[in-house]
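Colleague: I've got the model open and I'd like to know what stands behind the labels. Can we go through them one at a time?

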Amino acid sequence: MTNDPISNLLTVIRNAIKSSDKSKHRSVSVPSSKQLVKIAEILYKNNYIEKYRVNEHEPKKFTLEILLGNTAKNNILGLKRISSPGLKVYAQAKTLPSVLNGYGIAIISTSKGIMTNKQAKKLGLGGEVLAYVW
């Protein structure tokens with residue numbers, strides 16, 4: 001059990017992308033949660049990963065499997081966790097971060113759910129800045 005599942009997800013993806021053995025780390029899997037599934041959905045919609053799915057191996061034991069493929073190796077240059085369990089980082093709608101002048105995305109947890117900084121800005125929502133992806 002990990003204290004910070006979002007950080008764990010980002011680290012697993014980062015390590016798989018940096019791995020020299022491309023065939024070994026084509027997909028990764030982590031314990032699943034609604035929050036992680038939403039983050040995977042955002043990564044998929046922004047073309048950072050090829051596919052994701054939730055598997056049930058045992059009753060009430062779900063894993064999130066992410067297929068990285070060549071998409072992630074070509075599109076993800078960096079992943080950075082911003083907020084942590086010990087230090088929450090919040091941004092108002094007017095001050096939402098821009099990652100690499102709009103080439104990357106910030107993942108924001110708002111009152112309307114988890115979304116990118118671009119979606120939150122359109123809706124006029126602020127929230128907790130979870131991570132940067134570029």
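Colleague: How many bridges join E1 to E3, and do they run parallel or antiparallel?

Modeller: Bear in mind that this is a predicted model. Five bridges join E1 to E3, and the two strands run antiparallel. Two bridges are enough for strands to count as paired, so with five bridges E1 and E3 qualify. Within that pairing, Pro31 stands opposite Thr63 in E3.

Colleague: What makes the sheet open, and which strands stand at its edges?

Modeller: The sheet has three strands in the order E1-E3-E2, with antiparallel pairing. E1 and E2 (51-58) are the edge strands: each has a single partner strand, so one side of each has no neighbour in the sheet. From one strand to the next, the twist averages 25 degrees.

Colleague: Which helices pack against that sheet?

Modeller: H1 packs on the sheet and touches E1 and E3, and its direction makes about 165 degrees with that of E1. H2 lies across E1, E2 and E3, running at about 150 degrees to E2.

Colleague: How many residues are in the largest nonpolar core, and which have the most contacts inside it?

Modeller: There are 27 residues in the largest nonpolar core, and those with the most contacts inside it are Ile13, Ile39, Ile66, Leu68 and Ile107. Elements giving two or more residues to this core include helix H1 (5-18), helix H2 (34-45), strand E3 (61-67) and strand E8 (127-133). H1 provides the largest share, six residues. There is also a second, separate core of 10 residues, including Val99, Met115, Ala120 and Leu125.

Colleague: What about Glu128: buried or exposed?

Modeller: Glu128, found in strand E8, has a relative accessible area of 12%. With the limit for buried set at under 20%, Glu128 is therefore buried. Its side chain makes a polar contact with the side chain of Ser83 at 3.1 Å. Among the residues Glu128 touches are Lys88, Tyr90, Ile107 and Ser109.

Colleague: How many aromatic pairs does a search of the whole structure find?

Modeller: The search finds one aromatic pair. The rings belong to Tyr44 and Tyr52, with their centres 6.0 Å apart and their planes at 65 degrees.

Colleague: Why is the pair of Tyr44 and Tyr52 called edge-to-face?

Modeller: Ring centres have to lie within 6.5 Å, and planes over 60 degrees apart count as edge-to-face. The Tyr44 and Tyr52 rings, at 6.0 Å and 65 degrees, meet both conditions, so the pair is edge-to-face.

Colleague: What makes Tyr44 and Tyr52 partly exposed?

Modeller: Tyr44 has a relative accessible area of 40%, and Tyr52 is at 25%. Buried is under 20% and exposed is over 50%, with partly exposed in between, so both tyrosines count as partly exposed.

Technical notes: Residues numbered from 1 in each chain as written. Predicted model: local features only at pLDDT ≥ 70, side-chain atom pairs only at ≥ 80, totals over all residues. Heavy atoms only, no water. Core = buried A, V, L, I, M, F, W, Y, C linked by side-chain atoms within 4.5 Å. Buried < 20%, exposed > 50% of the residue type's maximum accessible area, 1.4 Å probe, protein only. Helix = DSSP H or I, 4+ residues; strand = E, 2+ residues; numbered from the N terminus. Axes fitted to C-alpha atoms, helices over the stretch in contact; angles between N-to-C directions. Contact = heavy atoms within 4.5 Å. Polar contact = N/O pair within 3.5 Å; in protein donor to acceptor, adjacent residues only side chain to side chain. Phe/Tyr/Trp six-rings, centres within 6.5 Å; stacked < 30°, edge-to-face > 60°. Lists of a residue's contacts leave out its neighbours within four places in sequence.
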